[in-house]
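Thanks, everyone. I'll take the contact between the chains first, then the fold, then a handful of residues.

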Amino acid sequence: MKTFSRLSIPYLIWLAMMVLLPMLLIAFYSVTDSGNGIISFTFTFDHFIKFFTDRDFLLILWRSLVIAVKTTVICVILGYPVAYFIANSSDRMRNGLILAITIPMWINMLVRTYAWIGILSEGGPLQSLLEMLGFGSHELMYTEGAVLLGMVYNFIPFMILQINTSLCKMDKSLIEASADLGADKVQTFMRVVFPLSLPGVVSGISLVFLPAVSSFFIPKLLGGGQFFLIGNVIENQFITVGEWNFGSAISMIMAVIMMCSMYLVRRLDSRTEGRVSGSRTLPGGRLAS
Amino acid sequence: MKKEKRIFGKLLMGAMLIFFYLPIVFMIIFSFNSGKSLTHFDGFSLRWYERMFNNREMMQSLYTTIIVAVIATAVSTVLGTVSAIGLSKSRRVIKDVAMQVNDFPIMNPEIVTAIGLMLLFITFHVEKGFMTMLLAHIAFCTPYVILSVMPKIRSLDPNLADAAMDLGATPVKALTSVIVPQIMPGVFSGALIAFTMSCDDFVISYFVTGRGVKNLSIMVYTMSKRVNPSINAISTIVVLIITLVLIIINVIPVIKEKREKKRNEKVIA
C-alpha cells in the first residue's frame, strides 16, 4: 500500500513546479512593477487600474465576450439538430458520422483555420457565390464575420459531440413512455428529450465559450490587424511590447472571468444533473455506477 | 411527417459535412496549383511540394512537431500512469488536492497556462528553445493521461496488488504484470489524447519557444502573413498522414473481428 503511494511523489513535485508556480508567478507579476527582480520589488495595482480605466481595453474585452457569446449561440442552434440527427441514425451510420466529424478535429487547428483564407479572400469562391446570388460584392476577409466563421468552424464539433453523447445515453423507453401517456412528438421533445439532453448542451457551451473568449490566432489569421480580441492584447503585451506585468494583469482578469463562468456553468450543470438523475433512477443505471 | 423531418436533418447534416470538409478539400486542390494565387487555379503542378521539401525551415518544423509529440507522449504517459496509480493509493486529502491542481491546465484558458510557463522559464533564466517546449508539452499532456487512467484504476479491485504480492510478486512485478495490463485501455487512450494535444498545440508552444525553434503551428502562424502555397502543400501532407493513421486505427479492429469470426466458424465446423 505505502510503496505505491510513494509513486505519486515525483508528480506532486512536478505539479507544484510546473502548474502551481506558474500561476503564482502570473499573480505576482500582475501586482508588481516592471524592471524589478524577484528579490527587490514593489507592489502596485497600477496595471489593473490602467486596464479598467482605458476605454479601448474595455471595448476589446467587451467585444471578445460578445463574439464568444455569438459563437456559442450559433454552435448550439446549428449543433443541436445535427447531434439529434446523428443520435437517431442507425448504429453504423452513427459511427460513420461521428468519425466524419472527428477527422477534421485531428488536423492541426492552425492548418484548418489557414485553409479558410483561400475561400474567404478577395475573388475567392465564396465571394463569387454571393455575387452570383445577388448579394453584391462584399469584403469577406478581415471582418467580424470571418472571425465568427473561423470560431464556429473550430469549436462546433465539441458541441455536436457533447450533445450527441447525452442524447445517446438517454433511456429510449422514456420517449415511448411519454408517447404512451399521450404526448405528441413536439411535446415529447420539449418536455422529455430536450431537458434530458441539457447536461450535454451545458458542457458543450463550456467547451465552446471558454476557448472562444481567449482565442487569439483565429482573429489574427482571419481578422487581420482589424479585429483585436483580448487574446491578441495579451499576445501583444508579451511578444511585441514586452510589458509582462501589464500582460500578467490582463491574464489574471481573464482567468477570473473564466473561473466565474465555469462556476456558473457548473451550477447550471448540477441543477440539470439533479433533475436528470431524479428521472433516471433505474436499476440498470444504479448497477452501472 | 417523419420522413420530412429526416429530409431536413439530412440536408443539415450534409451542409455541416460540406462546411467541415470544404476548406480542407479546397486547400488540397490549391496545393497542386501551378500559380501563386489562392483563388484562381492555373493548372496542375507539384511546384509547391518541391518548394516545401527544399525549404529547410518547413521540414525542420515538421520534424520538431513529431519529435516533441513522440517524446512528450512517452514521458507523459509513463509519468501519468505511474502517478495515477500512486495517487489512487495516497491519502484522500493529497489525492483530492492533487486532482484539483491537475485540473488547472485543462480548465485554464491555454493562453494563461502559456504565459505562466513563459514567466516560469524567464524568471528562472531557463533559455527558451526546444527543451522548454518539450517541458511545457509534458506539463499540459500529463493531466489528460491522468484523467483518462484514473477511472480505470478506480474500477479495479483495490486488493489486486496486495493479492499479487501475497502470492509472492515483488511490488514492481505486481505493478507491471498485474495492474498495468488491467488499465491498458485507459493508458492507451491517454497516450492518444496526449499525442494529438501535442501535435495540435499552438498557443503554449508559441509562448515558450525561442531561438527559432518552431513547430508546425508556429510555422503556419508566422508564414501566413504572406501568400505562400507551400503551406497548402505541407498541410495536405499532414492531412494525408492523419487520415491514413485514423483509417488504420479504425480498420484494424474490424479486420481482427472478422478474422476472429472466421476462426470461430472454423472451430464450430
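Let's start at the interface. The search there finds eight residue pairs in polar contact between chain A and chain B, both partners at pLDDT 80 or more. Keep in mind that this is a predicted model. How many salt bridges are there between chain A and chain B? The count is zero.

Now, who supplies the chain A side?

Next, the extent of the contact. Chain A puts in 75 residues and chain B puts in 79. The area buried between the two chains is about 7300 Å². Carbon and sulfur atoms give 81% of that area. Three residues stand out: A:Phe4, A:Trp106 and A:Tyr114. Together they supply 12% of the area that chain A buries against chain B, more than any other three residues.

On to the fold of chain A. What does its secondary structure come to? The tally is 14 helices and zero strands. Chain A has 289 residues, and 47% of them are buried. Look at contacts between residues at least 6 apart in sequence: 68% of these join residues at least 24 apart. The accessible surface of chain A is about 14300 Å², and carbon and sulfur atoms hold 66% of it.

Now single residues. Take A:Ser89. You'll find A:Ser89 in the loop between helix 4 (55–87) and helix 5 (91–106) of chain A. Is A:Ser89 buried or exposed? Its relative accessibility is 7%, under the 20% cut-off, so A:Ser89 counts as buried. A polar atom of the A:Ser89 side chain lies 2.8 Å from the backbone oxygen of A:Phe85. Leaving out residues up to four places away in sequence, A:Ser89 touches A:Arg94, A:Leu97 and B:Arg6. Note the chain letter on B:Arg6 in that list.

At 2% relative accessibility, A:Thr32 counts as buried. What does A:Thr32 touch, not counting residues up to four places away in sequence? The list is A:Phe41, A:Thr42, A:Phe43, A:Thr44, A:His47 and A:Asn245.

Salt bridges next. Over all chains, the whole structure has five. I'll show some of them.

One of them is in chain A. The side chains of A:Lys220 and A:Glu235 meet at 3.5 Å, N to O. The pair links distant parts of the chain, with the two residues 15 apart. A:Lys220 sits in helix 11 (residues 217–223), and A:Glu235 sits in helix 12 (residues 230–241). A:Glu235 is at 4% and counts as buried.

Stay on helix 12 of chain A for a moment. Its buried residues include A:Ile230, A:Val233, A:Ile234 and A:Phe238, along with A:Glu235 itself. Just after helix 12, A:Gly242 takes a positive phi of about 80°.

Over to chain B. B:Asp96 and B:Arg92 form a salt bridge at 3.7 Å, N to O. Both lie in helix 4 (residues 92–107) of chain B, four residues apart, about one turn of the helix. B:Asp96 is partly exposed at 38% relative accessibility. B:Arg92 is exposed at 64%.

The last pair is B:Glu127 and B:Arg211. Their side chains meet in a salt bridge at 3.5 Å, N to O. B:Glu127 lies in the loop between helix 5 (110–123) and helix 6 (130–154) of chain B. B:Arg211 lies in the loop between helix 10 (203–208) and helix 11 (216–223) of that chain. So the pair ties together parts that are 84 residues apart in sequence. Both B:Glu127 and B:Arg211 are exposed.

That's the tour. Happy to go back to any view.

Key. Residues are numbered from 1 along each chain as its sequence is written. Chains are lettered from A and ligands numbered from 1 in the order in which they are written. This is a predicted model: local features need pLDDT of at least 70, side-chain atom pairs count only at pLDDT 80 or more; totals for chains, interfaces and linings use all residues. Side-chain values use heavy atoms; hydrogens and water are left out. Buried means under 20% relative accessible area, exposed over 50%, partly exposed in between (1.4 Å probe, protein chains only). Contact means heavy atoms within 4.5 Å. Accessible areas come from the Shrake-Rupley method with a 1.4 Å probe; for residues, only the protein chains shown count as cover. Buried area is the accessible area (1.4 Å probe) that two parts lose on being put together, summed over both. A salt bridge is a side-chain nitrogen of Lys or Arg within 4 Å of a carboxyl oxygen of Asp or Glu. A polar contact is a pair of N or O atoms within 3.5 Å; within protein, one must be able to donate a hydrogen and the other to accept it, and residues adjacent in sequence count only if both atoms are side-chain atoms.
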